Amino acid sequence: MPPKADINKAGWEQGDFPILCETCLGDNAFVRMSKQEYGRECGTCTRPFTVFRWNPGQGSRFKSTVICQTCSKIKNVCQTCLLDLEYGLPVQVRDTALALKNEAPTSEVNREYYAQNMESQLEGSTSLLDSGRASSAGKEMLKQLARTDPYYKRNRPHLCSFFAKGECNRGAECPYRHELPQKNELSHQNIKDRYYGRNDPVARKIMSTHAAEKGLQPPEDTSITSLFLSSLPEKTTEQSLRAAVVASVPSIPVASIKSVVHVAKSRCAFVNFKERDIAEQAAQAWAAGLEVDGAAVNVKWGRSRPATSQASQSSTPGPSPEVATS
C-alpha cells in the first residue's frame, strides 16, 4: 500500500511550542528556541515530529525535545526529561503510587497505530491521565515525594569523555564538564524505560528510599517473601482483600502472588509472593499504606521462620568429664 500523499494524514506532528517542565525550560526569561519540522523520529512511537532546541541559561547545555507531543500528553510528561509535569517524578513512581497500569504497546507493530488513536482522543484535552480514582494513600505518597522546585543542575553540560581518558587539551574553554564519571546503576538509563515506567533506576532509588523511611526496609533474610497486613476492617473478606491487593499493584502479575492468608479473628493477613523482587515492589508501593474496603491498613515485612529444632537429647544427662589435678 503506497504512503499517503498528505503528510498530516500520515500522523506526522506539527507544533508551535513544546510541552516542557520548569527545569528543562530554564531560568532564562528570554529563552530563544529553534524549530525544525519533522527533525527526528519520536523516541517512543518513532513518528516524525517537530523538534525544538534551546539553551536553558548560562552554563547550561543545549537541550531538545526527544518525544512527540502526543506521547507527552498520553503520559503527562515533559518532552525532554520525560518526568511527570505535575509532580516532577519518574513515570514508574507516579504509576506505582496511583496504581496505574501501562497500556501503551511496546512492540514496533502497534506503537504507531496506538499513537494515532490516542491523538484523536486527545483533541481538546491536555492529557489522558486520570488520577481521580487513585487511593488516598497513593496521593499522599506523591505529595511526600513531589519535586516542586526546579532543579537546574540537571541542565549542566555532559561529562567530557576526553578528560576521562586524560586526553582533553581544551582546558577552561572546553564546553563539557571536567569530572570523572561515576559508574553506578543511575548511569544506565534510557528513554523507553523512563517513558514506559519499567526498570527505571532513578525510580527504584526513590521508592526504595521512601520505603526505608516508612519502616519497610527489606530484611536481610532473602528467604522472606511475605508482607504482614494489620488493622483490617471487620467487613473484610479474603476475596475483597485479594481484590484490593491486585488492584493496588497492577504492574505485578497476579500469578506472582503465591497466597493471601486472611485471619479474620485477628483482623490481619499475610500476602505471600513467589519471588523476593516482587515482594519488594509491593512493599515500595504500599509504603504510604494500603487501602482495603475504604480503610487504610498497616503494612510490615513478615518474619523469618524459626529454625527447625534439633533432635531431642536424652533426658538423663551424661556424667561430666573429670579434670585431672596434680
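Predicted model: local features only at pLDDT ≥ 70, side-chain atom pairs only at ≥ 80, totals over all residues.

Visitor: Let's begin with Gly 43. Why is Gly 43 called partly exposed?

Guide: Its relative accessibility is 22%. Buried means under 20% and exposed means over 50%, with partly exposed in between, so at 22% Gly 43 counts as partly exposed.

Visitor: Where is Gly 43 found, and what does Gly 43 touch?

Guide: Gly 43 belongs to the loop between E1 and E2. Leaving aside residues up to four places away in sequence, Gly 43 touches Val 66, Ile 67, Ile 191 and Lys 192. A touch here rests on heavy atoms within 4.5 Å. There is also a C-alpha separation of 9.4 Å between Gly 43 and Cys 71, which lie 28 residues apart along the chain.

Visitor: Now the strands on either side of that loop. How do you know that E1 and E2 pair?

Guide: Two strands pair if at least two bridges are found between them. E1 and E2 have six bridges, in the antiparallel sense, so by the rule of at least two they count as a pair.

Visitor: What makes E1 and E3 the edges of their sheet?

Guide: The sheet is open, with three strands in the order E1-E2-E3 and antiparallel pairing. Strand E1 (33-41) and E3 each have a single partner strand, so one side of each is left without a neighbour in the sheet.

Visitor: What is the strand order in the sheet with five strands?

Guide: That open sheet runs E5-E6-E4-E8-E7, and the pairing is antiparallel. Its edge strands are strand E5 (257-263) and strand E7 (290-292), each of which pairs on one side only. On average, neighbouring strands of this sheet are turned by 30° against each other, direction ignored.

Visitor: How do you know that E4 pairs with both E6 and E8?

Guide: Pairing needs at least two bridges. E4 and E6 pair over four bridges in the antiparallel sense, and E4 and strand E8 (residues 295-301) likewise pair over four bridges, antiparallel. Leu 227 shows both sides: its bridge partner in E6 is Val 271, and its bridge partner in E8 is Trp 301.

Visitor: What makes E4 mostly covered?

Guide: Four of the five residues in E4 are buried, and buried means under 20% relative accessible area.

Visitor: And how many bridges join E5 to E6?

Guide: Six bridges join E5 to strand E6 (residues 268-273), and the two run antiparallel. Val 261 stands opposite Phe 270 in E6.

Visitor: On to the spaces. What volume does the largest pocket have, and which residues are closest to its centre?

Guide: The largest pocket has a volume of about 1900 Å³. Its lining has 49 residues, and the closest to the centre are Arg 61, Arg 154, His 158, Gln 189 and Arg 194. By class, the lining comprises 20 nonpolar, twelve polar and 17 charged residues. H8 gives the most to this lining, with three residues.

Visitor: Which residues lie nearest the centre of the second largest pocket?

Guide: Gln 92, Gly 197, Arg 198, Ser 251 and Gln 281 do, out of 24 lining residues. This pocket has a volume of about 630 Å³. H10 supplies the largest share of its lining, six residues, and the lining divides into nine nonpolar, nine polar and six charged residues.

Visitor: Why is a space called a cavity rather than a pocket?

Guide: A 1.4 Å probe fits in a cavity but cannot get out, while a pocket is an open set. The count comes to two cavities of 30 Å³ or more. The second largest cavity holds about 40 Å³ of space, and its lining includes Ser 208, Leu 216, Glu 280 and Trp 301. H8 and H10 are the elements that give two or more residues to that lining, and H10 gives the most, with three.

Conventions:
Residues numbered from 1 in each chain as written. Heavy atoms only, no water. 1 Å grid on protein atoms, 1.4 Å probe; cavity = no way out; pocket = protein on both sides within 12 Å on 5 of 7 lines; lining within 4 Å. Points joined across faces, edges and corners; volume = space filled by probe spheres on them. Nonpolar A, V, L, I, M, F, W, Y, C, P; charged D, E, K, R; others polar. Axes fitted to C-alpha atoms, helices over the stretch in contact; angles between N-to-C directions. Buried < 20%, exposed > 50% of the residue type's maximum accessible area, 1.4 Å probe, protein only.
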